[in-house]
Amino acid sequence: MTQQLASTPPSRPRRVLPTGEREQQVLDRIERARRRRPKLREERITMSHGAGGKATHTLIEAIFLDAFRNPLLEPLEDAARLPMKGVGEAGGATVALTTDSFVVSPLFFPGGNIGDLAVNGTVNDLAVAGATPMYLSAGFILEEGFPVADLTRIAESMRDAAAAAGVAVVTGDTKVVEKGKADGCYINTAGVGAVAAGVDLGVANARPGDKILVSGPIGDHGVTIMLARGELDIEADVESDTAPLAELVASLLGAVPGVRALRDATRGGVATILNEIAKAADVGVLISENAIPVRDQVRGAAELLGIDPLYVACEGRLVAVVDGDQAAQALAALRAHPLGAQAAIIGEVTAEPVGLVTIKTAFGGTRIVDLLVGDPLPRIC
Amino acid sequence: MRFVDEFRDADKAHALAARIAALCEPGRQYKLMEVCGGHTHTIYKHGLEDYLPESITLVHGPGCPVCVIPMGRVDDAIHLASQPDVIMTSFGDMMRVPGSNGAFFDANARGTTIKMVYSPLDSLKIALANPDKRVVFMAIGFETTAPSTAMTVLRARAQGIKNFSVFCNHVTIIPAIKAILDSPDLRLDGFIGPGHVSTVIGCRPYEFIARSYGKPVVVAGFEPLDILQSIYMLMLQLHEGRSEVENQYARVVPWNGNPVALKAIGETMELRPYFEWRGLGFISHSALKMREACADFDAELLFDVPGVRVADPKACQCGEVLKGVLKPWECKVFGTACTPETPIGTCMVSPEGACAAYYNYGRLNRQRVPEAISIEPSRP
């Protein structure tokens with residue numbers, strides 16, 4: 001705070017500007033402030049740091065990126081692409097690696113459990129990097145007293161999800177902690193996949209004129225988990241959308257050469273991904289509220305809870321940035337697959353305003369869609 | 001979706017906007033205050049200002065329950081939560097409100113247990129499930145939420161629940177409106193009246209605004225068309241030279257309020273002689289405390305509350321924003337030192353706070369956004 005004030009020139013004669021110009025000056029100043037390297041101010045970790053919004057970004061950039069900085073990590077994509085001697089040379093495939101931890105509460109919920117979530121989450125992180133998922137690791141942290149029957153159910157779900165995604169769990173680890181030191185069962189998975197030659201996906205590739213698509217209704221998973229906790233006395237006929245996206249991605253990439261980037265819309269929801277696009281590619285993103293598919297049950301629950309479905313996690317939906325000329329083709333390719341049957345074009349990449357996501361509301365107004373602050377939905381994955 | 005989409009109809013909005021524009025007298029500027037933070041949120045979330053002519057300015061008022069809680073009360077709450085065996089419960093909005101040593105989130109990271117609840121009644125469930133703990137509900141809000149606190153206390157008494165109490169921070173809206181009307185800094189033309197508060201207190205308490213101050217009041221609902229229609233009703237009153245209290249939100253707000261809710265408040269709470277409002281200072285008879293008959297549920301009596309007054313940070317201009325004297329972006333620290341993730345003032349914390357609403361939704365130069373989006377709605 002004091003730094004801010006001190007950096008203002010002390011005694012320049014002040015020109016009185018008309019309101020519009022003064023407001024624009026403030027907006028410019030804010031954009032400069034937002035572009036500065038984020039600084040972690042908290043002395044301790046709070047739940048916000050795990051919510052996938054601004055605090056998570058700050059934590060990753062200030063602590064982890066700072067400590068581990070290297071060119072493979074820096075793009076902060078869902079999976080890293082690894083140069084390896086003898087692999088990927090002479091036009092062959094390269095290797096993609098990703099990892100993800102799962103702490104969802106409750107462990108079992110309509111549409112799935114922590115087990116299929118752990119497999120699908122990692123499979124999807126590979127798929128949206130353009131990789132064919134191949135091998136997974138699975139690490140378990142179990143709490144003393146956890147029922148073996150539940151663990152069996154979880155393992156069976158993982159087996160089935162792995163089979164459906166065409167991957168094998170080839171290595172693993174198990175730790176048990178004292179009662180009260182964990183909440184039942186946490187799972188970490190890591191995955192390895194192969195990226196075909198010539199595939200180069202990344203949100204930094206987005207350019208003005210591109211279209212933005214989602215592969216189906218958004219927010220199902222997050223709302224399901226929230227209702228499954230039973231704290232809200234709301235019931236709705238909605239279940240998690242957890243699903244492996246590798247096949248859907250393969251058919252999209254096969255049909256449309258102009259796919260620039262793919263992301264699976266997990267924590268932080270679609271809004272977070274759109275912000276990552278705007279920031280990474282120095283472009284604007286403009287979406288239309290009327291075009292975004294949201295189930296009525298999800299919209300209703302979100303409306304009651306005062307949350308925006310754009311920020312609610314999905315576990316089986318992807319966001320695609322596609323060359324504008326090939327958007328119709330991409331839409332058709334997505335809709336041809338059962339997991340993309342309700343895909344929609346929701347917006348476009350624009351030249352201005354740089355770094356901002358804006359939405360045309362159903363009411364007919366315009367507003368910003370910013371990164372999420374705070375944590376309305378802890379431990380959804 | 002029924003009961004939502006019909007109040008967000010863009011065609012009806014265009015028609016209303018044209019009628020509003022037609023009522024503007026050339027050369028005259030209009031300043032209308034939406035008292036309630038819920039309205040501020042709707043206005044920004046739906047981009048409602050796109051429909052208003054430049055001569056109409058919406059001024060954001062003090063009706064944001066979280067925004068008016070002074071730092072000292074946040075510190076007091078954290079002190080309460082730090083007592084042995086205490087579980088504090090609070091609405092989610094409160095979790096990030098900064099005290100002099102951090103917010104509830106930070107206190108939890110240091111070891112307190114402050115849980116988010118959606119209803120005060122959830123606190124009773126927690127109290128029953130944890131008989132060896134003392135559950136303290138951090139009660140905030142205007143007359144909108146006071147009845148649910150009152151009902152919770154009445155239920156706790158009926159069920160004989162002994163390990164539950166209320167840290168009461170309920171405030172009342174009329175003294176705040178009066179403080180604004182008496183403030184020399186601001187000239188307003190009319191008020192968009194708070195809809196939720198009015199479901200409890202009705203429309204009569206606003207009559208002095210129309211009668212003594214000559215300003216029209218229209219009690220409004222919370223969907224964007226509600227607000228646009230109430231702006232039209234205010235403009236019509238101004239055009240016809242009337243100043244009356246009108247009820248746009250008649251589908252929910254009874255003219256005389258909700259007698260059951262008022263009775264519950266009256267049974268459990270009474271006015272404090274004075275209460276500190278963040279940025280506005282002490283306002284007499286502007287807040288509620290537990291009645292003596294409910295002393296068993298009054299955390300301020302059951303615990304030792306320090307009650308230390310903490311001055312707002314110097315740079316923070318929340319008071320000026322709450323009074324509508326400054327627009328959010330006119331505050332010196334807006335968006336640079338004070339942002340939603342690192343708020344200095346409360347207006348940047350609550351989704352109903354004017355600064356948070358402007359920062360999260362309104363922070364853009366509309367001229368730089370393409371007029372139309374070139375996609376056909378492709379929703380299957």
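Start by selecting Val285(A). Setting aside neighbours up to four places off in sequence, Val285(A) makes contacts with Ile212(A), Leu274(A), Ile277(A), Ala278(A), Gly347(A), Val349(A) and Val357(A). Bear in mind as you click around that this is a predicted model.

Now widen the view to the core. Val285(A) belongs to the largest nonpolar core, a set of 223 residues. Which residues have the most contacts inside that core? Pick out Leu213(A), Leu274(A), Ile277(A), Val285(A), Ala320(A), Ala330(A) and Phe167(B). As for elements, helix 10 of chain B, residues 224-239, supplies the largest share of this core with eight residues.

Next, colour by chain and look at where A meets B. Here 54 residues of chain A are in contact with 48 residues of chain B. On the chain A side, the elements giving two or more residues include helix 1 (2-6), helix 2 (19-35) and helix 3 (54-68), along with strand 10 (284-288) and helix 9 (296-305). Strand 12 (344-350), strand 13 (357-360) and strand 14 (366-368) of chain A are also among them. Highlight helix 2 of chain A in particular: its seven residues are the largest share of that side. Colour the chain A side by residue class and you get 23 nonpolar, 16 polar and 15 charged residues.

Stay in chain A and select Ala138(A), which is in strand 5, residues 131-143. Is Ala138(A) buried or exposed? Ala138(A) counts as buried because it has 21 C-beta neighbours inside 10 Å, and the cut-off for buried is 20 or more. Leaving out residues up to four places away in sequence, Ala138(A) touches Met158(A), Val169(A), Gly172(A), Ile187(A) and Thr189(A). Draw a distance to Met158(A): 20 residues separate it from Ala138(A) in sequence, and the C-alpha to C-alpha gap is 9.5 Å.

Jump to Gly268(A), in the loop between strand 9 (259-264) and helix 8 (269-281) of chain A. Gly268(A) is another buried spot, with 24 C-beta neighbours inside 10 Å. Apart from residues up to four places away in sequence, Gly268(A) touches Gly52(A), Gly53(A), Tyr311(A) and Leu372(A).

Time for some backbone details in chain A. Zoom in on Ser105(A) and Pro106(A), which are joined by a cis peptide bond with omega about 0 degrees. Pro106(A) sits in the loop between strand 2 (94-102) and strand 3 (108-109) of chain A. Then go to Glu352(A) and Pro353(A), where the peptide bond is cis as well, with omega near -15 degrees. The loop holding Pro353(A) runs between strand 12 and strand 13 of chain A.

Two non-glycine residues with positive phi come next. Leu76(A) has a phi of about 50 degrees; find it in the loop between helix 3 and strand 1 (80-82) of chain A. Leu76(A) is partly exposed, with 14 other C-beta atoms within 10 Å. Over in chain B, Asp85(B) has a phi of about 65 degrees, in the loop between helix 3 (71-81) and strand 3 (86-90) of that chain. Asp85(B) is exposed, with 11 other C-beta atoms within 10 Å.

For the last stop, show the helices of chain B and select helix 6, residues 146-159, with helix 11, residues 259-268. Their axes come within 8 Å and cross at roughly 60 degrees, so helix 6 of chain B is oblique to helix 11 of chain B. The crossing is left-handed. Helix 6 of chain B brings Ala146(B), Pro147(B), Ala150(B), Met151(B), Val153(B) and Leu154(B) to this contact, and helix 11 of chain B brings Ala261(B), Ala264(B), Ile265(B), Glu267(B) and Thr268(B). By class, these residues are nine nonpolar, one polar and one charged.

Leu121(B), Ser123(B) and Leu124(B) of helix 5 of chain B meet Thr152(B), Arg155(B) and Ala156(B) of helix 6 of chain B.

Definitions and conventions
Residues numbered from 1 in each chain as written. Chains lettered and ligands numbered in written order. Predicted model: local features only at pLDDT ≥ 70, side-chain atom pairs only at ≥ 80, totals over all residues. Axes fitted to C-alpha atoms, helices over the stretch in contact; angles between N-to-C directions. Helix = DSSP H or I, 4+ residues; strand = E, 2+ residues; numbered from the N terminus. Parallel < 35°, antiparallel > 145°, perpendicular 65-115°, else oblique. Left-handed = near helix turned anticlockwise from the far one by under 90°. Contact = placed C-beta atoms within 7 Å. Nonpolar A, V, L, I, M, F, W, Y, C, P; charged D, E, K, R; others polar. Core = buried A, V, L, I, M, F, W, Y, C linked by C-beta atoms within 7 Å. Buried ≥ 20, exposed ≤ 12 C-beta atoms within 10 Å, placed from the backbone.
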